[in-house]
Amino acid sequence: MVIPLPDGLATPTLVVDPDVLDRNISQMAEASRSQGFALRPHAKSHKCAQIADRQLRAGARGLSVATISEAEIFARVGVDDLFIAYPVWLDADKTQRLRRLADDVVLRVGVESAEGAQRLGKAVRGSARPVEVLVEVDSGSHRTGVRPHAAGEVGKAAADAGLDVAGVFTFPGHGYGHDAQARERAARDEERTLSEAAQALRDLGIDVRVVSGGSTPTVGRWRPGEVNELRPGVYVFNDATQLTIGTCGVEDLALVAAATVISVPAPDRFVLDVGSKVLGSDRSPWVTGHGYLPQFPQGTITGLWEHHAVVRLPEGVRGPRLGSLVAVVPNHICTPVNLADELLVVRDCEVIDRWQVTARGANT
Ligand SMILES: Cc1ncc(COP(=O)(O)O)c(C=O)c1O
């Protein structure tokens with residue numbers, strides 16, 4: 001079992017192993033430090049003040065977040081250096097909120113269009129602290145971000161709007177591909193596109209101080225050079241996707257959903273009281289089932305409803321008894337965390353703490 005579950009646990013609930021969590025945090029901090037990268041972990045994966053504090057104490061420079069509301073919440077609990085790694089489009093409400101943040105903390109924001117940069121420039125004009133921006137570059141995941149050669153145009157618009165253009169960033173989502181070379185390829189794409197984009201800014205006379213990339217799958221594959229900041233998120237807990245693509249081992253899994261067997265309709269099948277409202281429903285096509293079962297590694301969650309997970313076992317494998325506790329490692333940890341009020345911290349089969357998911361649902 002990854003995290004031995006205390007008897008009598010009220011399920012479903014999310015359970016954290018603090019020792020594995022701390023090891024994941026310190027290994028990432030040490031690896032970044034020894035290779036000369038600044039670490040700015042993505043806090044959307046945990047949304048939790050206690051975990052942010054551990055990351056910062058281990059040496060993280062600040063945090064990355066996905067939304068203004070995540071930034072507001074982490075600022076409220078004392079994090080004073082935040083990067084909204086997202087090309088925020090400012091409506092009237094967001095304009096006001098972003099302006100308040102700019103007055104309160106060291107703030108960095110992603111931009112990927114001239115129009116977005118102009119809105120941002122207007123919003124933060126005259127703020128107590130200058131707002132830095134990083135131009136987002138598409139390194140191959142084809143989500144947001146401009147092609148590297150277009151970074152100059154966006155950077156110039158941002159500078160003209162009065163913003164401090166500090167550099168470039170990318171998210172190499174294609175590193176989650178299923179073939180063994182996907183991670184290596186994505187890491188090289190990241191380095192190449194970020195370098196080109198940084199050069200495009202330098203050609204305009206912009207002093208590029210930050211070249212930021214990273215995802216949990218590509219993070220260990222970087223060669224020190226142009227890139228100088230990492231933003232992995234999932235590594236704090238890891239999940240069934242990371243296990244499938246080989247970025248972590250079973251011993252690195254720091255979070256499980258604890259569930260109870262509520263039905264054993266056949267010897268090769270059992271049902272857990274955990275569904276998409278706890279586990280989320282993310283599932284890459286190459287991940288088998290809706291989660292990994294450390295106690296039943298040959299089992300597959302073949303069906304997921306809102307409150308049920310149906311597990312199939314191969315012939316001859318003995319399943320759990322009705323009423324027993326079963327741990328499920330979610331496919332993608334960021335969604336279950338966002339669905340939970342709290343994380344139970346369990347050591348030696350005892351609940352030693354409860355951490356509120358401080359930024360739960362902070363998605364605006
Ligand atoms: C912009 C950005 N940076 C960093 C990350 C963290 O990467 P990972 O989830 O692989 O840890 C993400 C994840 O989606 C992201 O969107």
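Hi everyone, and thanks for coming. Please keep in mind throughout that we are looking at a predicted model.

Let's start with the ligand. Which residues lie closest to the ligand? There are 14 residues around it, and the closest are Arg143, Tyr176, Thr216, Gly233 and Val234. If you sort that shell by residue type, you get 6 nonpolar, 5 polar and 3 charged residues.

Thr216 brings a polar side-chain atom to 2.6 Å from a ligand oxygen. Gly233 uses its backbone instead: one of its backbone N or O atoms is 2.7 Å from an oxygen atom of the ligand. On the nitrogen side, look at Arg231, where an N or O atom of the side chain sits 3.0 Å from a nitrogen atom of the ligand. How much of the ligand does the protein cover? On its own the ligand has 390 Å² of accessible area, and the protein covers 94% of that. As for where this happens, the ligand takes up the space of the largest pocket.

Let's move on to salt bridges. Over the whole structure, a search turns up 28 of them. I'd like to show you one, between the side chains of Arg347 and Asp19, with an N to O distance of 2.7 Å. Which parts of the chain does this pair link? Arg347 belongs to strand 15, residues 342-347, while Asp19 belongs to helix 1, residues 18-35, so the pair ties together distant parts of the chain, 328 residues apart.

Finally, two backbone details for those of you who enjoy torsion angles. Most peptide bonds are trans, and most residues other than glycine have a negative phi. With that in mind, have a look at Thr11 and Pro12: the peptide bond joining them is cis, with omega at about -5°. You'll find Pro12 in the segment before strand 1, which spans 13-16. The other spot is Lys47, which is not a glycine and yet has a positive phi of about 55°. Where is Lys47? It is in the loop between strand 2 (38-39) and helix 2 (49-57).

That's my tour, and I'm happy to take questions.

How values were computed:
Residues are numbered from 1 along each chain as its sequence is written. This is a predicted model: local features need pLDDT of at least 70, side-chain atom pairs count only at pLDDT 80 or more; totals for chains, interfaces and linings use all residues. Side-chain values use heavy atoms; hydrogens and water are left out. A residue is near a molecule or strand if one of its heavy atoms lies within 4 Å of it. A polar contact is a pair of N or O atoms within 3.5 Å; within protein, one must be able to donate a hydrogen and the other to accept it, and residues adjacent in sequence count only if both atoms are side-chain atoms. Accessible areas come from the Shrake-Rupley method with a 1.4 Å probe; for residues, only the protein chains shown count as cover. On a 1 Å grid over the protein atoms alone, a cavity is a set of points where a 1.4 Å probe fits but cannot get out, and a pocket is an open set with protein on both sides within 12 Å along at least five of seven lines; lining residues have an atom within 4 Å of a point. A molecule sits in a cavity or pocket if more than half of its atoms lie within 2 Å of its grid points. Ala, Val, Leu, Ile, Met, Phe, Trp, Tyr, Cys and Pro count as nonpolar, Asp, Glu, Lys and Arg as charged, and the others, Gly among them, as polar. A salt bridge is a side-chain nitrogen of Lys or Arg within 4 Å of a carboxyl oxygen of Asp or Glu. Helices (H or I, at least four residues) and strands (E, at least two) are DSSP runs, numbered from the N terminus.
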